[in-house]
Amino acid sequence: LSRSKVFRDTHEEFIRDLIVACTRREYPVNRYLMEEGMKGDSMFVLFNGIVEVTAGGRYICKLKDGSIIGETALLNIDNRRTASVRSLSKCDVAIISRFSFHSILEKYPWEKRKFQREMKHKLMELGKLIDVKDDINLEQQATQCDALKSVPFFSDPSDAMHEFVAELAMNTSTYWYKPGTVLMKEGDINCEEMYILLRGSCEVYSCGQLLGRIENDVIGEIGVLDLLERRTATVQTATACQCMKLSRQVMVPILAKYPDARLRLLELARTRLTSINESIMTSQEDLSGTAIQDLCGRLPGCAIGFGPYVNSADASMFAINPIFQDAPIPLVHALSERLVDKTFKDGEVILQDGEVFQTGKSFVYFIVKGEVEIWKEGNFIMLLQQGETFGELAALRKLPFRQVTAKAKGAVACRAVLARSFLEVLEQHPSDVVTEILEEIMTYREQQLKKKLELHNVLAHKTVDIDFMFFKLPAMQQDERVTPQHQSMAEALKDLQVYEWTATGKALTKKARDLPPLTI
């Protein structure tokens, strides 16, 4: 390591820590240690063996004992392998991961500054560092690069998009926003920033109506691209969100270097402008069986919503409901018209296990706010949260009784529909997507219920352990010798109270037990 170009002039203790942190592995003949173009997050030190290096289908060289392979994966933001390495003989290697390398680097400030200077110099030479920073966190920016690739817009595997993503990761910052934070306001002339939503959900409003929710998407590109002088919509976080924030000063020079990425972003912006215009201008009476994404011409990853067809409160609820978020508009519209408000206090029972189910009186519930606990015979089954549905099992399976107990955890607000109306809507507006998701969710919940009951039965018949403490009683024999006295414990155990641990806690059992005789 100390003889290599990468780790030359580093402290001896730093090299020792790297050796301690590495893992050993053996590769048989004709195995690839790494492949060109694949993601890499580790470096190899070849202790023993011979490997062949190829790139672009061409032979490069052979490496022998003591060689270091893949060190650029520890230093580059773009962590794709630049060559393929194949073993020509049995190889014994040490593997140093990117995480271990950067963790050790934090303990050695001089080495950390050395690698940061080298990386910064390399990036400046390539023209990839626009926002010049004094402290480049290599590990953090590599993580940001991976996070960006998880967003559908950046998932294109082309080389140009890959370089574009790597450069964005080097010039962006990550922020967390709590629920209810307004990221941008409709009509605002400040269009200097755009966001990339990595985690969480945001709600999009325009002209006072909810357009829908977005996840893993780009926000604010219309203003940064100078297509309009004002923000076209209000974007507010619905859950805790992790976003990358990019300024116009950074984004414009990067887009100038990658025309394909700029065209892709322009197409997304054009599609969204068309979607907003159609959502606002379309009459509410113009309903069709087309899913909302097709109706508004939205690309995959755009806002999930229902335009002007459903009131904002119900649209927000259905947008996060896994069953109805992709449902046809007529179905959601008909269901919304039949919903009523229901509120429950902390600990209040919403559904009772064994309660008679009647389609004309019993309800199916949609959680708008709060959490609901599901119980069965004293056993906790699951916790349902905002946007989820409960009470539909008895309706769809045509059961005579409720199968579980539902309790409010804290204050809970729900929208409810009579089971009869719920079934009528599904029958009048059939949807294969809704039917498939409903069946999947019900099957999963039935399996959870079955597992909990099986576990409860196992605990009910579990053997009970009784703890004893034995000690010897001294007794005087006729020859005045002191010896232990043996005495039966049957009398002591006769009135013994025995407790059992059940699924609901400790309970005194009243079962008569035939205790075996105590033998000495």
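A residue is called buried under 20% relative accessible area, exposed over 50%, and partly exposed in between, as calculated with a 1.4 Å probe on protein chains only; by that definition Asp226, with a relative accessible area of 53%, is exposed. The model is predicted, so local features need pLDDT of at least 70 and side-chain atom pairs count only at pLDDT 80 or more, whereas totals for chains, interfaces and linings use all residues. Residues are numbered from 1 along each chain as its sequence is written, and side-chain values use heavy atoms, with hydrogens and water left out.

**Salt bridges**

- A search of the whole structure finds 18 salt bridges, a salt bridge being a side-chain nitrogen of Lys or Arg within 4 Å of a carboxyl oxygen of Asp or Glu.
- Arg16 forms a salt bridge with Glu12, in which the closest N and O atoms are 2.5 Å apart; the two residues are four apart in helix H1 (residues 12-21) and are therefore separated by about one helical turn.
- Helices (H or I, at least four residues) and strands (E, at least two) are DSSP runs, and both are numbered from the N terminus.
- Arg16 counts as partly exposed, because its relative accessibility is 42%.
- Lys409 pairs with Glu371 in another salt bridge, with 3.9 Å between the closest N and O atoms; Lys409 lies in strand E22 (residues 405-418) and Glu371 in strand E19 (residues 363-376), so the pair ties together parts that are 38 residues apart in sequence.
- Lys409 is partly exposed at 41% relative accessibility, and Glu371 is partly exposed at 24%.
- Arg397 and Glu439 also form a salt bridge, their closest N and O atoms being 3.2 Å apart; the pair links distant parts of the chain, 42 residues apart, with Arg397 in the loop between helix H13 (392-396) and E22, and Glu439 in helix H15 (residues 432-460).
- Salt bridges that share partners join Glu12, Glu13 and Arg16 into one network.

- Asn30, a residue other than glycine, has a positive phi near 65°, and is found in the loop between strand E1 (23-27) and strand E2 (32-34).
- With a relative accessible area of 48%, Asn30 is partly exposed.
- Asp226 is not a glycine either, yet has a positive phi of about 65°, and its place is in the loop between helix H7 (221-224) and strand E15 (234-237).
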